[in-house]
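Have the viewer open and follow along.

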Amino acid sequence: MVHSLGVLPGGTAGPPAEGFEVAYIDPGGSELRRPFADVWAVRFEQAAPVRTFQSYRGQRHLPGLWWSSTVGGHIGYESWLERDHVMLMDFDPSVVGISSQPFWLFWQSESGKGISHAPDYFARRDDGSAVVIDCRPANRRKPRDLAKFEATRAACDQVGWEFRLVGAPDAIVVRNVRWLAGYRHPRHRMEPVVSELLQVFTEPQPLMDGASAAGEPITVLPVLFHLLWSHELAASVTVPLHAATVVSTEVADGC
């Protein structure tokens, strides 16, 4: 289903007369358009995307779906950059909800022209705070785009949300988290291996030493990587993971 969100109940077509308006789809499927200042309490982490993720021959970007262990379902992305950032949000233990293309933001330029923008992601943290994310490589941020990002930041400031404009994340962190993400599904949480690993790593020690102490590595390692993904075990992801990486039950810098 394609949602253009051009004319919606509770709003008008075109740009607002003043300030910002937001259009979104609530969990029940209803399309709504309201002043932005009125939506600070909306659970946008549960909102459906306001536009589709299109795929076509010759496309420069590679859209797809990321299965999120945080939400227990798929989250769309339009490029590998977006995929990396939704993966990192999925890995972040403070994030409890994520949605893609959560709303359209409408406002009026100084010349009276209507402008709209759909941010890439909305994330909810465990303390109730919210962050709106736009993904764009630094070398592809044109003045027109930057103006939209700054307007989105100004709108977020009005309701106490954080706004982030992100580019390419740290390559080592991405590689490490991508490896752990391969074990993010709950099927890798197998007892009694989980209990054995949590006991073994009560005292920090090298990854392979601890895996061998818990049992046969070919059986133990998928469980260990799952526990690192879920932060029940901890290791720094700012340096390459390897056999001697120190793992513990304590929170590690860089996780």
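Predicted model: local features only at pLDDT ≥ 70, side-chain atom pairs only at ≥ 80, totals over all residues.

The protein chain has 6 helices and 12 strands. It holds 255 residues, of which 45% count as buried. Among its contacts with a separation of 6 or more, 58% are between residues 24 or more positions apart.

**Helix packing: α1 with α3**

- Helix α1 covers residues 80–91, and its axis runs 10 Å from that of α3, at an angle of about 65 degrees.
- The two helices, α1 and α3, are therefore roughly perpendicular to each other, the class that takes in angles from 65 to 115 degrees.
- The crossing of α1 and α3 is left-handed.
- On the α1 side the contact is made by R83, D84, M87, L88 and F91, while α3 brings V173, V174, V177, R178, L180 and A181.
- By residue type, the contact of α1 with α3 divides into 8 nonpolar, no polar and 3 charged.

**Helix packing: α4 with α5**

- Helix α5 spans residues 207–214 and packs with α4 at an angle of about 130 degrees, the axes being 9 Å apart.
- That angle makes α4 oblique to α5, since only angles over 145 degrees count as roughly antiparallel.
- The crossing of α4 and α5 is right-handed.
- From α4, the residues E196, L197 and V200 meet G210, A213 and A214 of α5.
- The contact of α4 with α5 divides into 4 nonpolar, 1 polar and 1 charged.

**Aromatic rings**

- A pair of aromatic rings is described by the distance of the centres and the angle of the planes.
- How many aromatic pairs are there? The count comes to 13 aromatic pairs.
- One of them joins W179 and Y183, with 6.0 Å centre to centre and 55 degrees between the planes, and it is tilted.
- W179 also pairs with F225: the ring centres are 5.8 Å apart and the planes stand at 85 degrees, so this pair is edge-to-face.
- Elsewhere, ring pairs link Y24, F36, F44, F103, F122 and W161 into a cluster.

**S99 and its surroundings**

- S99 lies in strand β5 and counts as buried, at 4% relative accessibility.
- Leaving out residues up to four places away in sequence, S99 touches F44, E45, A47, D120, Y121 and F122.
- Two of these, F44 and F122, also belong to the ring cluster.
- S99 and Q46 are 53 residues apart in sequence, yet their C-alpha atoms are 6.5 Å apart in space.

**Backbone details to look at**

- Most residues other than glycine have a negative phi, and most peptide bonds are trans.
- Which two residues does a cis peptide bond join? The bond is between E191 and P192, with omega about 5 degrees.
- P192 sits in the loop between α3 (171–181) and α4 (193–200).
- Q101 is not a glycine, but its phi is positive, at about 45 degrees.
- The place of Q101 is in the loop between β5 (95–100) and β6 (104–108), and Q101 is buried, with a relative accessible area of 1%.
- H231 is not a glycine either, and it has a positive phi of about 65 degrees.
- H231 lies in the loop between α6 (217–229) and β12 (246–247).
- With a relative accessible area of 23%, H231 is partly exposed, because buried means under 20%.

Notes
Residues numbered from 1 in each chain as written. Heavy atoms only, no water. Helix = DSSP H or I, 4+ residues; strand = E, 2+ residues; numbered from the N terminus. Buried < 20%, exposed > 50% of the residue type's maximum accessible area, 1.4 Å probe, protein only. Axes fitted to C-alpha atoms, helices over the stretch in contact; angles between N-to-C directions. Parallel < 35°, antiparallel > 145°, perpendicular 65-115°, else oblique. Left-handed = near helix turned anticlockwise from the far one by under 90°. Contact = heavy atoms within 4.5 Å. Nonpolar A, V, L, I, M, F, W, Y, C, P; charged D, E, K, R; others polar. Phe/Tyr/Trp six-rings, centres within 6.5 Å; stacked < 30°, edge-to-face > 60°.
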